[in-house]
Amino acid sequence: MKRSRFIAASVAMIATTGLLLSGCSAGAADTGEKQLTFMFRGGEDEKAAYTTAIKAFEEANDVKVKIISTTADDYATKLKAAIAGKQIPDVFYIAQGDIQAYVNNGVVLDITEYVEGSDTLDLDNIWEYGVDSYRFDGSLVGEGAIYALPKDVGPFSFGYNKTMFEAAGIPLPDVDVPLTLEEFVNISKQLTKDLNGDGELDQWGTGLNVQWSLQSFAWSNGADFLNEDRTKVTVDTPEFAEALQWFADLSNVEGVTPSTAQAQTLDTYQRWMSGQIAFFPVGPWDVSTYAELDFDWDLIPYPAGKTGESATWVGSLGIAVGSTTEDPELSAKLVEYLSADVTAQQTLVDAGVQIPNLKDMADTWVADSTTKPANKQEFLDIVNDYGRALPANNTYNAEWYDELFTNIQPVLDGKQTAADYLKEAQPKMQAFLDDANAQAGIG
């Protein structure tokens, strides 16, 4: 869903969210107790972990933290409603792609002085990518003042069904050397089968979603979405067209993915979960859910295009301080605690919802052979070596990026070539990017 739709939808939520947040503040005022509101999104595992972690913060700082949780789907709408209703939480999750707009509109507080002046926070021990994702100098994300600390970094890794490989007698992939695209397709063909002899495929090599996986293959093929200063869209190139065409051909030519109709009956994520797919992306947020899988799985590098190098993206959520908080120092202290306190981090990592934010803790986590995945190092390699931000996370809004996927289905169905589609899409994307940069005061 485009951000503009979120903004429109937020109006209906103003009254409900405003009452919720203002009700919390009233309770604090009645008792004279210090109180902060913390708004986040996540499942029950994450909520339980935060409840445990925040209890220690409350006791140490003589404060009550009111936790406001939503589902992932509802979060953006409810947060925007709270902002529109002038009920900004003291502390809240912020998406990478919202930094510029929230800074320009005065929603978040510059917390540089608090985090750089802290006696208990070592910024050098937090993933550089995570901290830099929430820096903004008024022109470019990644430079300047700090407006949030990372809740996490989320390397979008590549998984495989180890049990399926072993049953087929196929050697397990190397955890250090990426498969070439040709090797990946050949193995996928071997693992695409009609297991029950009814004439219909019921096991496939892969089943990738274009919106979350195209980036990896475009980057690995030497293509990119934007130029270096983020002013020009660059998808209409031979390298990008080759990557997109290869992606579409996985279904239309190679036949190693479920058909569009099969994917609508049961999406590829559910097919992976039920053991029907050999290769599928894996994020740290999946690990707790995957503990219930009936097959063994592990991580490998992304298959490499003609650059010979793997590529993928790293997501992140930040934790920011609302600009209207009555206690910015204590709010910043809660941000620091949630992002970098060893005990709080351990609680979240044990819940299986993220990798450690702290580099030294991550090294210990990787060495733990009692928890999955076995090759946890792949997560860290992505953060350290070859992961990138999603293309729209460093621009003022995502409309230019969303446009690429708006009419892409004919390519995926084999009814239009990737080269023809990209030639049509690039000027439309550029118009949206120009508008975004104008709103940001760039160019």
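Helices (H or I, at least four residues) and strands (E, at least two) are DSSP runs, numbered here from the N terminus. The model is predicted, and local features need pLDDT of at least 70, side-chain atom pairs count only at pLDDT 80 or more, and totals for chains, interfaces and linings use all residues. Residues are numbered from 1 along each chain as its sequence is written, and side-chain values use heavy atoms, with hydrogens and water left out.

Two features of the backbone may be considered at the outset. Most residues other than glycine have a negative phi, and most peptide bonds are trans. Lys-86, in the loop between helix 4 (72–84) and strand 3 (91–95), has a positive phi, near 55°. In the loop between helix 17 (359–366) and helix 18 stands Pro-373, and the peptide bond that joins Lys-372 to Pro-373 is cis, with omega near 0°.

The packing of helices comes next. Helix 3 (residues 44–61) and helix 16 (residues 342–350) have axes that come within 9 Å and cross at roughly 165°; axes are lines fitted to C-alpha atoms, for helices over the stretch in contact, and angles run from 0 to 180 degrees between N-to-C directions. Helix 3 is therefore roughly antiparallel to helix 16, a term for angles over 145 degrees.

On a 1 Å grid over the protein atoms alone, a cavity is a set of points where a 1.4 Å probe fits but cannot get out, whereas a pocket is an open set with protein on both sides within 12 Å along at least five of seven lines; lining residues have an atom within 4 Å of a point. A volume is the space filled by probe spheres set on the points, which are joined across faces, edges and corners.

The second largest pocket has a volume of about 640 Å³. Its lining has 27 residues, of which Tyr-129, Arg-230, Arg-388, Ala-389 and Asn-394 are the closest to its centre. Helix 18 (377–386) supplies at least two residues of this lining, as do helix 7 (128–132) and strand 12 (387–388); helix 18 gives the most, with 5 residues. Domain 1 (33–154 + 314–386) and domain 2 (155–312 + 388–438) both give residues to this lining, so the second largest pocket lies between them. The domain bounds come from an automatic or database domain assignment.

The structure holds 1 cavity of 30 Å³ or more.

Conventions
Angles under 35 degrees count as roughly parallel, over 145 as roughly antiparallel, 65 to 115 as roughly perpendicular and the rest as oblique.
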